[in-house]
Amino acid sequence: RAEAALMRQKDIYNALSQTNQAIMRCTSREELFHEICRIAVVHGRFLFAWIGLLSADGRRVEPVARHGEDAGYVEQVHVSAASADARGRGPTGEALADGRHAISNDFLNDPATAPWHEAARRAGVRSSGAFPIRLHGAVIGSINLYGSAPGFFTDDLLPTLDEMATDVSFALDNFTRTEALRTAAQVVEASPVVLFRCRPQPGWPLEYISANVITRWGYPSADLLSGEVPFSQLVYPEDLPRVSDEVERYTREGRTEFQQEYRIVTADGRVLWMEDRTHVVRDGERRVLRYEGVLTDITERKQAHQALKEMLTMLQALIQASPEAITIIEADGRIRAWNPGAERIFGWREEEVLGLPLPTILAGREEEYSAFRARVLGGDTVTDIEVVRQRKDGTRINISLSAAPLRTPWGAPGESWAS
């Protein structure tokens with residue numbers, strides 16, 4: 001569950017990073033809106049997304065961009081801007097009225113979303129969120145995102161999604177080419193990303209690096225651009241050989257884009273993890289002219305992943321050391337885990353049972369067991385019930401059984417259960 005939640009957070013951070021790049025790349029509002037919807041689905045892994053703007057008379061919300069399979073939902077959404085209208089009290093209407101995000105984490109059971117229940121059911125919608133976008137401070141529309149599971153919009157994701165909407169609002173304020181670049185620069189200065197451009201030479205001498213490198217890493221951009229501190233000197237010494245080999249290999253393979261993760265050392269000696277998304281600029285003869293891209297600080301993500309890894313290691317050790325029989329069963333009945341306690345109590349070794357149906361069920365009790373398994377997979381937790389099972393040698397044993405479903409990050413029963 002924790003690992004899946006971490007992956008969700010990584011997807012949203014990825015969507016934010018892609019949004020910042022789109023802001024710098026797009027040259028019109030229409031292009032940006034379509035790109036934001038695409039990013040939300042492809043990188044944020046939402047079911048579908050659409051952007052709606054207030055109509056000229058301020059009475060309706062009109063879809064202007066969308067992406068993802070919505071089974072006709074967006075065509076039928078018909079959102080009103082009037083809170084007195086039932087179609088103005090859903091997440092989109094609420095976000096427009098209040099100027100802050102509005103979430104429905106149980107869409108099909110939310111009275112406020114009743115006008116769209118049938119369309120949502122056809123589209124597979126179980127949760128939604130609307131995030132207002134502004135022009136010169138005034139709310140003009142919203143980014144509308146949809147999840148396929150209840151509870152999709154957890155509290156840890158909302159600040160990043162708010163930031164995504166805020167970044168889009170910044171880009172809208174001035175959308176000539178020069179103004180868009182200036183807005184993107186402001187976004188970068190306030191974000192965890194550093195932009196760079198370097199030459200394909202030893203040490204990767206920099207031609208450009210965003211000014212926020214002084215606040216993020218402690219290096220004056222002038223020192224880096226002068227060549228006094230080559231970029232390779234910033235890379236953590238143990239990582240540098242690998243990073244160099246990867247850049248050489250990706251370049252040799254003719255790639256136009258690649259991604260790396262490595263550590264850098266700041267001016268004050270701190271070690272930070274970076275996600276490097278590089279674009280390779282080539283001439284007409286495919287020779288490399290320069291590398292340019294975005295560096296995102298992923299230190300917290302790495303620390304969270306390490307903490308999760310240590311926790312899982314500890315839990316595995318506890319399971320292995322437990323004198324009680326602990327098993328994990330997949331939804332189709334196959335054994336996924338079988339600890340030493342189970343080996344001692346039932347007699348089968350782990351390698352004898354993994355991937356097979358549970359062998360402890362008595363003949364004639366299969367239907368009873370199937371009903372019990374369906375109950376647990378349906379979400380029930382069972383504690384201390386007395387049952388009879390069989391050992392490998394055929395003898396029967398009375399046991400006290402507890403079982404619970406292994407849940408998804410959004411709280412729904414998963415595809416396996418533990419007992």
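By salt bridge I mean a side-chain nitrogen of Lys or Arg within 4 Å of a carboxyl oxygen of Asp or Glu. R45 sits in the loop between α2 (29-42) and β1 (48-54), and D11 in helix α1 (residues 2-25), so the pair ties together parts that are 34 residues apart in sequence. Helices (H or I, at least four residues) and strands (E, at least two) are DSSP runs, numbered from the N terminus. R45 counts as exposed at 54% relative accessibility, while D11 is buried at 10%. Here buried is under 20% relative accessible area, exposed is over 50%, and partly exposed is in between, with a 1.4 Å probe and protein chains only.

Some ground rules. This is a predicted model, in which local features need pLDDT of at least 70 and side-chain atom pairs count only at pLDDT 80 or more, while totals for chains, interfaces and linings use all residues. Residues are numbered from 1 along each chain as its sequence is written, and side-chain values use heavy atoms, with hydrogens and water left out.

On confidence, pLDDT is the predictor's confidence in each residue, from 0 to 100. The chain averages 88, and 93% of the residues score at least 70. Over residues 409-416 pLDDT stays under 50, and there the model has 32 contacts beyond four places in sequence. A contact is heavy atoms within 4.5 Å.

Back to charges. The salt bridge count comes to 29. D283 pairs with R287, the closest N and O atoms being 2.9 Å apart, and D283 is buried at 19% relative accessibility. D380 pairs with R375 at 3.3 Å between the closest N and O atoms. Both ends of that pair are partly exposed: D380 has a relative accessible area of 36%, and R375 has 44%. Elsewhere, salt bridges that share partners join R349, E351, E352 and K392 into one network.

Which buried arginine has no salt bridge? That is R389, in strand β14 (residues 382-390). The nearest side chain of opposite charge, E368, is 5.4 Å away; Lys and Arg count as positive and Asp and Glu as negative, with His and the chain ends not counted. Leaving out residues up to four places away in sequence, R389 touches residues including F346, Y369 and R396.

Another arginine, R277, lies in strand β10 (residues 271-282). R277 is buried, at 16% relative accessible area. Its side chain makes a polar contact of 3.2 Å with that of E275. A polar contact is a pair of N or O atoms within 3.5 Å; within protein, one must be able to donate a hydrogen and the other to accept it, and residues adjacent in sequence count only if both atoms are side-chain atoms.

Now the nonpolar cores, meaning sets of buried Ala, Val, Leu, Ile, Met, Phe, Trp, Tyr and Cys residues joined through side-chain atoms within 4.5 Å. The largest has 34 residues, and L32, I133 and L145 touch the most other members. The elements that give it two or more residues are α1, α2, β1, β5 (127-135), β6 (138-147) and α6 (158-173). A separate core has 25 residues, among them F196, V213, Y250 and M274.

Last, the overall picture. The chain has 15 helices and 16 strands, and 44% of its 419 residues are buried.
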